[in-house]
Amino acid sequence: MEQQSLNRDQIHMGFVTLVSVVAAVGGLLFGYDTSVISGAIGFMQTLFHLNDFMKGWAVSCLTVGAVIGAAFAGFLSDRFGRKKMLVVAGLIFSIGSIGSGLANEMTVFVTARIIGGIGIGVTSTLVPLYIAEISPAKFRGRLVSLNQLAVVIGISAIYFVNRAIASGPPEWDITTSWRWMLGLGIIPGVLFMILLFTVPESPRWLQKQGDSSRALRVLERLNGPTEAKAQLEEINESIKRETGSLAALFRPGFRIALVVGVVLGILQQVTGINAIMYYAPSIFQNTGAGTNAQLTETVIIGLVNLVFTIISLWLIDRVGRKVLLLIGAAVMAISLFIVGFEFNSASPSSMLILTFILVFVAAFAISFGPVVWLVISEIFPTRIRGRATAIASVALWAADYLVSQSFPVLLSGVGPAKTFWMFGVMSILAFVFTISVVPETKGRSLEEIERGWGRKTRINHPEHRPK
Ligand code: BGC
């Protein structure tokens, strides 16, 4: 008997994992688009005679598209469903890939990259949210973070793809290789769309739409019949208590949830991760490293990011989100200050700088990388989860745009030492914010988390209580 129910649990867990892995292919697209440009931009600069400003714009216009995509993802997914919007995002991403690969002038290229970015804005917002809505509380952290794992795999894998493509004659590299790098994005894009047809719509969204029978069927496949009924009940109770209007977010209880989501999103970026992800070779150039060493160092960064993301997956449901964020912020601050001091010294040691940049990346990978996307997907009420998550996601992408656009200017303006100290100060703020405001969500169902906001701030306003 016990053996039988164990087997059934394993089957359900297998299905949940499979569905999460399919959704996480969206993370692969995110990672692909983040790093493909680093291999393409040099050749494009030669072909299109780009000045520094245009080069920066060609790299960062993706994040502008992502801000737009994130903004629309919320409203549209609350209305039309999570799954449908993910399929649309795969399509938009694929169009952007082909368009940027075929572009013959910069305006077309930038437009295509912004279109691709819109797809990334949607997937980055909705993949964590979708996985959070289908996962059992006990493993939700790990399952949602599969998305971050896919982002990181995408970032590292594309680096090797770029290298393999860019091995032709210099003339071919300049005119054609970068087109393949960007255009091949259509493969994961189309794969994502096809795979999505095998996964169910989110049961929480179905229930919100009043489709209890489909919601129950999906819950049964995800958790088994007994568990499914209890869950549906809980989801239903929660939804009845909620209002569907975004104004709910500005009432005292959920206002804190909004602050947590938005501020964590901004902190994930202003602590400097993408200064390193997008500009690692230029940073190492500042330490006097040669071109080959710069490339090797970039590969090592990718590997460290990958290994520590896997460690985080293992820890996230065990030690919890808050502990990881605190450890991460502390170690990030210390390593950023050391990197700053090294750059400030008369003869900076490139070895020490590399070491502490790696420590920083490792600390980010166990904490702010996966945990921020996870917490953003967990803390909002079901009826407005899409729109609320999107607000946090827009803030995150806008901060990403600001950092990636201003980093080269900061580097040549105030210099690397002060720039890294600034990121260090942001990491201290991240520590203080986490310890004082961020709640622990480990092991609690989405409905329990929602009730927690009410209890914490005594906002269980009469109109929100079940009658
Ligand atoms: C961040 C990205 C970053 C990536 C690096 C993600 O969580 O949102 O901006 O490039 O982690 O691994």
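Visitor: Which residues surround the ligand, and what makes a residue count as near it?
Guide: In this predicted model, the ligand is surrounded by Phe30, Gln148, Val152, Ile155, Gln268, Gln269, Asn274, Asn305, Phe364, Gly369, Trp373 and Asp400. Each of these residues is called near because one of its heavy atoms lies within 4 Å of the ligand.

Visitor: How much of the ligand's area does the protein bury?
Guide: Taken alone, the ligand exposes 310 Å², and the protein buries 99% of that area.

Visitor: What is the volume of the largest cavity, and which residues lie closest to its centre?
Guide: About 180 Å³ of space lies in the largest cavity, and of the 19 residues that line it, the closest to its centre are Phe30, Gln148, Val151, Asn274 and Phe364. Two or more lining residues come from each of H1, H5, H11, H12, H16 and H17. By class, the lining of the largest cavity has 11 nonpolar, 7 polar and 1 charged residues.

Visitor: Which helices supply at least two residues of the shell around the ligand, and which gives the most?
Guide: Helix H5 (140–165), helix H11 (252–270) and helix H16 (368–378) each supply at least two, and H5 gives the most, with 3 residues. The shell divides into 5 nonpolar, 6 polar and 1 charged residues. Asp400 belongs to the shell, and because Asp is classed as charged, Asp400 is the 1 charged residue in that division.

Visitor: How do you know that the second largest cavity belongs among the cavities of 30 Å³ or more?
Guide: The structure holds 2 cavities of 30 Å³ or more, and about 50 Å³ of space lies in the second largest cavity, a value over that limit. Its lining is formed by Asp33, Thr34, Ile37, Val59, Ser60, Leu62, Thr63, Arg113 and Tyr278. H1 and H2 are the elements that give two or more residues to this lining, and H2 gives the most, with 4 residues.

Visitor: What makes 2 of the residues lining the second largest cavity charged?
Guide: By class, this lining has 4 nonpolar, 3 polar and 2 charged residues. Asp and Arg both count as charged, so Asp33 and Arg113 are the 2 charged residues of the lining.

Visitor: What is the volume of the largest pocket, and what lines it?
Guide: About 1300 Å³ of space lies in the largest pocket, which is lined by 42 residues, with Ser38, Ile41, Tyr278, Pro281 and Ser282 nearest its centre. The lining has 24 nonpolar, 15 polar and 3 charged residues.

Visitor: Which residues lie closest to the centre of the second largest pocket?
Guide: The second largest pocket has a volume of about 310 Å³, and of its 18 lining residues, Pro136, Ala137, Asn223, Glu227 and Gln231 are the closest to its centre. The largest share of the lining, 4 residues, comes from H1.

Methods
Residues numbered from 1 in each chain as written. Predicted model: local features only at pLDDT ≥ 70, side-chain atom pairs only at ≥ 80, totals over all residues. Heavy atoms only, no water. Areas by Shrake-Rupley, 256 points an atom, 1.4 Å probe, with all protein chains shown as cover. 1 Å grid on protein atoms, 1.4 Å probe; cavity = no way out; pocket = protein on both sides within 12 Å on 5 of 7 lines; lining within 4 Å. Points joined across faces, edges and corners; volume = space filled by probe spheres on them.
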